[in-house]
Amino acid sequence: MINEDLRLADLNVQHANSVVMQFLRSAVVIPLYNLACGYDVQATEPAYDELLGTLYLDSKGNIPFSALDRQILDALGAQAANILNNARLMQRERERQRLEQELSIARQIRQALVPQGLQDYPHFAITGIHRPCHEVGGDYFDVFSLPDGRTAILIADVAGKGLGAALLTAMLQGSLSGMTLGVEPVKVFEHLNRFLCDRAIVGRHATMFFGLIDPNGMFEFVRAGHPSPLLFRRGAVSELYTGGSFLIGLIEQASFTASQIRLEPDDTLLLFTDGVIEAEDKDRNLFGLERLKEAFVHHSESSLDALQSGIFGAVEKFLGGAQQSDDITLLAVRYRKQADRIGTLLNIQLEATETL
Amino acid sequence: MTISTEPMEADITRVFLDGRLDIEGAAAIDLKMNVLAGSAKFLLIDLQKVSFIGSMGLRSIVIPAQNLRRRGEKVALFGPVLMVEEVLKASNIDQVIPIFHELDAAVAALR
């Protein structure tokens, strides 16, 4: 409503309680629009698409507001709208900066939880890379030693992306680190499954692959709906397993089993999350398992770092500039001969003796 | 992702899903799927036109199905394309919700 002289206004307005009781003669209401939202260059009128508030003025004086009064109020209204809009933009910017800072902290914590600078172990070499598609992601890998001499390797993918998924990965990592205390992996998987199913409101589940490498080459593993790692052995690539397995946190009655294989010297395992094989180009074609196998074979004789870079490069080339739609994680493990390690130790001892 | 339903014989509700069951697709159907899980007796989820299923998409199917099963009702999946069926089987979903490629067989299993 914009009205200057109430005596000329609609009867409903003239007889309104607030007008009669306060003996009002003039009233002006000027809507304050956000003109900073932009003008349509083709349009003759500005795009009044956001109401920020109103400027209201009334008077009991006998003389109604003049045209000049109205011009002054219009100018004041435009000024007020600008100030309101700037204040609101400032507030939004502060909020954005605060969220960015919190995300940055979450990313730092997440990165700190992922093993940094993976070392070579006496009986195997390992390298890993994780590239989230948002600030933080739901993929996760870990490598840690157990008191019995075996080394645990884990790769997991929490459903969804972003902060929600990242929170769950931190929880998974804490739970799984309990295996250093000697808890059986299958029991940990079952416990985690029950824990998440009991808290279905969390709305997340995960795929996981957990392996234990013994220095003698025995490789025990438990899987939970995770894509099979690829095994490169004597010039050929195969999948470590076929068939399904339950995810963690989706089906209450899920059960998990441990399997094992014996690794041979120079066997290379490639662990990955579905973000690799489901990477999509601009036409929504999937990178797929076959392309991953081809890239694996192509770089299989290279060092693990080169292998990892080669496969990552193949995925990026396939994407062809398309935006990454899921977190991508790769972990490559190459088993060594135990004898090599003994031989290396003997050589070191011999060299030391000769020096003396 | 779109969702629509059609009543069939013997209290069976056929749910047609159409599109990509990724994060966005799952968000688009979750509410309707949960409402159906709370009201339907037998649910036949038609996946013939689902071209992709991601991790969150699995949840959109499994959680309502489990709610129905808790009430003693039945759910079946019908006609997934190869990619979708592979994902369902890789997650052992087929062990808790049967998958059919023949409509008659699916209906018979739900009766």
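Two residues are in contact if their C-beta atoms, placed from the backbone, lie within 7 Å.

A word on conventions is in order. The model is predicted, with local features needing pLDDT of at least 70 and side-chain atom pairs counting only at pLDDT 80 or more, while totals for chains, interfaces and linings use all residues. Residues are numbered from 1 along each chain as its sequence is written, and chains are lettered from A and ligands numbered from 1 in the order in which they are written.

B:Asp46 is placed opposite B:Phe78 in β4(B). In the loop between α3 and β5 (99–100) of chain B sits B:Asn92, a residue other than glycine whose phi is positive, near 60 degrees. B:Asn92 is partly exposed, with 19 other C-beta atoms within 10 Å; on this scale a residue is buried if 20 or more other C-beta atoms lie within 10 Å of its own, exposed if 12 or fewer, and partly exposed in between, with C-beta atoms placed from the backbone.

Turning to the interface, twelve residues of chain B are in contact with eleven residues of chain A. On the chain B side, α2 (55–70) and α3 (82–90) each supply at least two residues, and α2(B) gives the most, with six. This side of chain B comprises seven nonpolar, three polar and two charged residues, where Ala, Val, Leu, Ile, Met, Phe, Trp, Tyr, Cys and Pro count as nonpolar, Asp, Glu, Lys and Arg as charged, and the others, Gly among them, as polar.

Chain A is assigned domain 1 (6–97) and domain 2 (116–347), the bounds coming from an automatic or database domain assignment. The C-alpha centres of these two domains of chain A are 62 Å apart. A:His15, in the loop between α1 (11–14) and α2 (17–21) of chain A, counts as exposed because it has 10 C-beta neighbours inside 10 Å. Between the C-alpha atoms of A:His15 and A:Lys337, 322 residues apart along the chain, the separation is 98 Å.

Chain A also has an open sheet of five strands, ordered β4-β5-β6-β7-β10 and paired antiparallel. Because β4 (139–145) and β10 (258–262) of chain A stand at the edges with a single partner strand each, one side of each is left without a neighbour in the sheet. Neighbouring strands of this sheet are turned by 15 degrees against each other on average, direction ignored. Strands β6 (residues 206–213) and β7 (residues 218–224) of chain A share five bridges in the antiparallel sense, and A:Phe210 stands opposite A:Val222 in β7(A). Helix α5 (residues 185–198) of chain A packs on the sheet, touching β6, β7 and β10 of chain A, with its direction at about 10 degrees to that of β7(A).

Elsewhere in chain A, strand β11 (residues 268–272) has five of its five residues buried, so it is largely enclosed by the rest of the structure. From β11(A), A:Thr268, A:Leu270 and A:Phe272 point one way and A:Leu269 and A:Leu271 the other. β11(A) pairs antiparallel with β8(A) over three bridges and is joined to strand β12 (residues 328–335) of chain A, also antiparallel, by five bridges.

Technical notes. Helices (H or I, at least four residues) and strands (E, at least two) are DSSP runs, numbered from the N terminus. Two strands pair if DSSP finds at least two bridges between them. Axes are lines fitted to C-alpha atoms, for helices over the stretch in contact, and angles run from 0 to 180 degrees between N-to-C directions.
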